[in-house]
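Good morning, and thank you for coming. Please take a moment to look at the sequence and the structure on the screen.

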Amino acid sequence: GRLAMMAIIGMFFQDGLTGSAWGDWSVYTASPLRAFESELGVQDPIGFWDPLGLATDGNVQTFNRRRTIEFKHGRVSMLACMGYITPEYTKFPGFLSPSQ
């Protein structure tokens, strides 16, 4: 029910932008997001996906900085997950307290 209502609203929005409710985004060329359509990670059928609108200004330098920061935070997150999971499977022999 609600998902279908959201889909119809999305179709109306798309129809207002492109004149077609079935996804002909090639006629909508006014978007500055077209500057990032050739970047690594852009995939069909979505194209460049920016739900928060952080790249709406089309600034390539800011885009590259945010992409680098995203990679850095992803790597730190992976290490943090390994630090959480590893103690479950790896135990050092002996007691935890030096008094025992």
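This is a predicted model: local features need pLDDT of at least 70, side-chain atom pairs count only at pLDDT 80 or more; totals for chains, interfaces and linings use all residues.

Residues are numbered from 1 along each chain as its sequence is written, and side-chain values use heavy atoms, with hydrogens and water left out.

The protein chain has two helices and zero strands; helices (H or I, at least four residues) and strands (E, at least two) are DSSP runs, numbered from the N terminus. Of its 100 residues, 10% count as buried, where buried means under 20% relative accessible area, exposed over 50%, and partly exposed in between, with a 1.4 Å probe and protein chains only.

Let us turn to helix α2. It covers residues 60–89, 30 residues in total, and reaches 44 Å from its first C-alpha to its last, close to the 44 Å expected at 1.5 Å a residue; the expected span is 1.5 Å times one less than the number of residues. At its start, a side-chain oxygen of N59 comes to within 3.1 Å of the backbone nitrogen of Q61.

T68 also lies in α2. Is T68 buried or exposed? T68 counts as exposed, because its relative accessibility is 51%. A polar atom of its side chain lies 2.9 Å from the backbone oxygen of N64.

Finally, the lining of the second largest pocket includes eight nonpolar residues, and F48, W49, F63, R67 and E70 lie nearest the pocket's centre. A pocket here is an open set of points on a 1 Å grid over the protein atoms alone, where a 1.4 Å probe fits, with protein on both sides within 12 Å along at least five of seven lines; lining residues have an atom within 4 Å of a point. Nonpolar covers Ala, Val, Leu, Ile, Met, Phe, Trp, Tyr, Cys and Pro.

Terms used. A polar contact is a pair of N or O atoms within 3.5 Å; within protein, one must be able to donate a hydrogen and the other to accept it, and residues adjacent in sequence count only if both atoms are side-chain atoms.
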